[in-house]
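Visitor: I am new to this structure and would like to learn how to read it. Please show it to me before we talk.

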Amino acid sequence: GCFERCWILPQNVDGFHRAAGSKHVIDIHGDIHELRCSQCSFRERVADYSHLTPCPTCPQCKAVIRPHVVLFEEMLPYEKSELLDREARRGFDVVFSIGTSSLFPYITAPVVMAVTRGGATVEINPGRTSVSDLVDVRLEMGAVAACEALWAARDRWRNT
């Protein structure tokens, strides 16, 4: 099939890609639904925060628990960075850059690597970014409209 191995590298932390059924997600900035203790190994997955106190504490050690997301100036999670590096080294048939400002090197790296290897690249963004002049195809439009059009065309790709 056309989309046997598709990786998603979202910059958002809402977990929507996994909730929508995506299997290969590198949520490099974390997931707001995953809580972690700042001191011990306590973990909890929550649908929302309605049951939490304003400054929730760990039921095991009483330290503060927080969403497992990358805050400004924090390091990216090692295991997610390694996964991204491994998959980028394996190479991609096509790299889509959709709706990102492309400010961070780890976001632009898959595009740059694909260009270097001669792989196909597409940018979907109403504004210009650091990868706009590198990509093969630039769709100067919003992500929703572009993705809906691509989704509608998927049957043609599957049959080729």
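The dialogue below goes from the whole chain to single residues.

Guide: This is a predicted model, in which local features need pLDDT of at least 70 and side-chain atom pairs count only at pLDDT 80 or more, while totals for chains, interfaces and linings use all residues. Residues are numbered from 1 along each chain as its sequence is written, and side-chain values use heavy atoms, with hydrogens and water left out.

Visitor: How many helices and strands are there in the protein?

Guide: Helices (H or I, at least four residues) and strands (E, at least two) are DSSP runs, numbered from the N terminus. The protein has five helices and six strands. Read from the N terminus, the order is α-β-β-β-α-β-α-β-β-α-α. Along the principal axes, the C-alpha atoms fill a box of roughly 55 × 30 × 30 Å.

Visitor: What share of the residues in the protein is buried?

Guide: Buried means under 20% relative accessible area, exposed over 50%, and partly exposed in between (1.4 Å probe, protein chains only). Of the 160 residues in the protein, 32% are buried.

Visitor: How do I read the two faces of strand 4?

Guide: In a regular strand the side chains alternate between the two faces of the sheet. In strand 4, Val95 and Ser97 make the covered face, and Val94, Phe96 and Ile98 the uncovered one. Phe96 is partly exposed, with a relative accessible area of 38%.

Visitor: Which residues make the nonpolar surface patch?

Guide: Like charges are joined within 9 Å, and nonpolar side chains (Val, Leu, Ile, Met, Phe, Trp, Tyr) within 5 Å. Areas come from the Shrake-Rupley method with a 1.4 Å probe; for residues, only the protein chains shown count as cover. Here Val94, Phe96 and Ile98 form a nonpolar patch of about 230 Å².

Visitor: How many bridges join strand 4 to strand 5?

Guide: Two strands pair if DSSP finds at least two bridges between them. Strand 4 and strand 5 (residues 120-124) run parallel and are joined by five bridges. Within this pair, Ser97 stands opposite Glu123.

Visitor: Is Glu87 buried or exposed?

Guide: Glu87, in helix 2 (residues 78-90), is buried because its relative accessibility is 1%. Contact means heavy atoms within 4.5 Å. Leaving aside neighbours within four places in sequence, Glu87 is in contact with Arg5, Trp7 and Phe92.

Visitor: What should I look for at Glu73 and Ser102?

Guide: Look at the backbone angle phi. Neither residue is a glycine, yet phi is positive, about 70 degrees at Glu73 and about 55 degrees at Ser102. Glu73 sits in the loop between strand 3 (65-69) and helix 2, and Ser102 in the loop between strand 4 and helix 3. Glu73 is exposed, at 84% relative accessible area, whereas Ser102 is buried, at 4%.

Visitor: Where is Gly142 found?

Guide: Gly142 is in the loop between strand 6 (137-139) and helix 4 (143-152). Apart from neighbours within four places in sequence, Gly142 is in contact with Ile124 and Pro126.

Definitions and conventions. Patches are made of residues with over 30% relative accessible area and no salt bridge: like charges are joined within 9 Å, nonpolar side chains (Val, Leu, Ile, Met, Phe, Trp, Tyr) within 5 Å. A salt bridge is a side-chain nitrogen of Lys or Arg within 4 Å of a carboxyl oxygen of Asp or Glu.
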